[in-house]
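Hi everyone, thanks for coming. Let's take a few minutes to look at one model together and see how its chains meet.

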Number of protein chains: 2
Amino acid sequence: MSGLPLSNAHRTNAQTEATSAHPPPSSPDPTVQQPEHAAQGGLTAASAASTSEQSHSLNELSTLKTQLKSALRQFPDFPSPGILFEDILPIFADAKLHDALLRALELHVANAYEKPDVVVGLEARGFLFGPSLALRLGCGFAPVRKQGKLPGECETAGYQKEYGEDFFQIQKDAVKTGQKVLIVDDIIATGGSAAAAGALVKKLGAKVVGYSFLLELDFLKGRAKLDAPVYTLLSSQEEKREG
Amino acid sequence: MSGLPLSNAHRTNAQTEATSAHPPPSSPDPTVQQPEHAAQGGLTAASAASTSEQSHSLNELSTLKTQLKSALRQFPDFPSPGILFEDILPIFADAKLHDALLRALELHVANAYEKPDVVVGLEARGFLFGPSLALRLGCGFAPVRKQGKLPGECETAGYQKEYGEDFFQIQKDAVKTGQKVLIVDDIIATGGSAAAAGALVKKLGAKVVGYSFLLELDFLKGRAKLDAPVYTLLSSQEEKREG
């Protein structure tokens, strides 16, 4: 059943970087019925927060997620037939939703990880909220870009696309040995580009504390490629499609 | 004298989107010796602010600019011989500088324009600070992207690159008739891409109140292509090269 959308999503990815492409959801969104999933990635590191503080922030996070998910727009058959594209741009178009997005990501990070030293965002949609999140967290931001766009000494890592390999780069001094790094992008599809970003961070001797995405193409099982906790803030639109 | 760097900057632009490429500066940076230039774009719209408030914010802006300019890094001969690349990424790597950048842009907007309804940022480096600036200003953010990347109905505008035309798009509902729009990107080179973004905004019936950039390739005279006030926050690094 996933053959057609998988194939389309893959082709699409290679042609137009359409990482927000999403197949029609085939199962209910688990985060709607199971709010305890709001803290995917774990609370184990949140030793300093009291249980009631955690409970309060998880409730706030759950409210924000509902608000944000209802703002997503769906475009069927974009960029190719069989793909339901989830458009995150209405969130950025509205200052209150935009603020809610940053607050939600901030809450998740506070609950789930040691505070990162650097947020690394993937070109191009990871730039839409990675720098703002870094500002909120009071940490640095560094971009991972396509090969040839960053000046100075860079590390390079390849990842598979449908018709061959593509390359990502990070500046060698963008993160330092021992630093804690959170990697962000708008969506996790096959996980190849996120895994390449993680490899770059590790080449520089830093530690990936987690990966945060807004959306996930579950059926592609991209999170299996990543060896740090993976968090997806929003997910499919089952509840809107039933409305 | 500008033949070689102009030609290189142009080729470079087409090949690697290296819009931060900067030729070696040939004249002192006017903003260093002439702090009254800090409010390029004009104070005429700031009718609500008192003269002393304006003076205070211009002093703060001047201090922030000096701080930010000293953080820029220069990479000679990147991405091609004869080009001095100005790297803005150290600003984003440091939370205090990153905050200073947003504060400086916010101060400029408050002094120079009517408050915009929407900040429009150009792919990809305009995404690094456009959304954060929109958050600070409490207004919406909308991206202008390369053709084929945005879902839904879009307006399209072409701009010249060395080997033909490229196309930018904006979603048709990204800005509304009569709204005030600020267009941002990291650098203005030939002005072609910024002019295309302005054309898209105007096609949607909105008004461009100004263009804000971090850097400018003065010798390319890109601002002559734009029909709204143009502001460049930072400029060349003459004072560092003399040190």
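Let me start with a term: a polar contact is a pair of N or O atoms within 3.5 Å, where within protein one must be able to donate a hydrogen and the other to accept it, and residues adjacent in sequence count only if both atoms are side-chain atoms. One such contact, at 3.3 Å, joins the side chains of Ser132(A) and Ser132(B).

Some housekeeping: this is a predicted model, where local features need pLDDT of at least 70 and side-chain atom pairs count only at pLDDT 80 or more, while totals for chains, interfaces and linings use all residues. Residues are numbered from 1 along each chain as its sequence is written, chains are lettered from A and ligands numbered from 1 in the order in which they are written, and side-chain values use heavy atoms, with hydrogens and water left out.

Back to Ser132(A), which sits in helix 6 of chain A (helices are DSSP runs of H or I with at least four residues, strands are E runs of at least two, numbered from the N terminus). Is Ser132(A) buried or exposed? Ser132(A) counts as buried because its relative accessibility is 3%; buried means under 20% relative accessible area, exposed over 50%, and partly exposed in between, with a 1.4 Å probe and protein chains only. Leaving aside residues up to four places away in sequence, Ser132(A) touches Leu102(A), Pro131(B), Ser132(B) and Leu135(B), contact meaning heavy atoms within 4.5 Å.

Now the whole interface. Here 35 residues of chain A are in contact with 35 residues of chain B. The two chains bury about 3000 Å² between them, 63% of it on carbon and sulfur atoms; that is the accessible area (1.4 Å probe) that two parts lose on being put together, summed over both. Leu89(A), Leu135(A) and Pro151(A) supply 18% of the area that chain A buries against chain B, more than any other three residues.

How many salt bridges are there between chain A and chain B? The count is two, a salt bridge being a side-chain nitrogen of Lys or Arg within 4 Å of a carboxyl oxygen of Asp or Glu. One of them pairs Asp173(B) with Arg73(A), with the closest N and O atoms 2.4 Å apart.

Finally, confidence. Chain A averages a pLDDT of 82, pLDDT being the predictor's confidence in each residue, from 0 to 100. Over residues 1-19 of chain A, though, pLDDT stays under 50. Where pLDDT is low, the predicted coordinates should not be read in detail.
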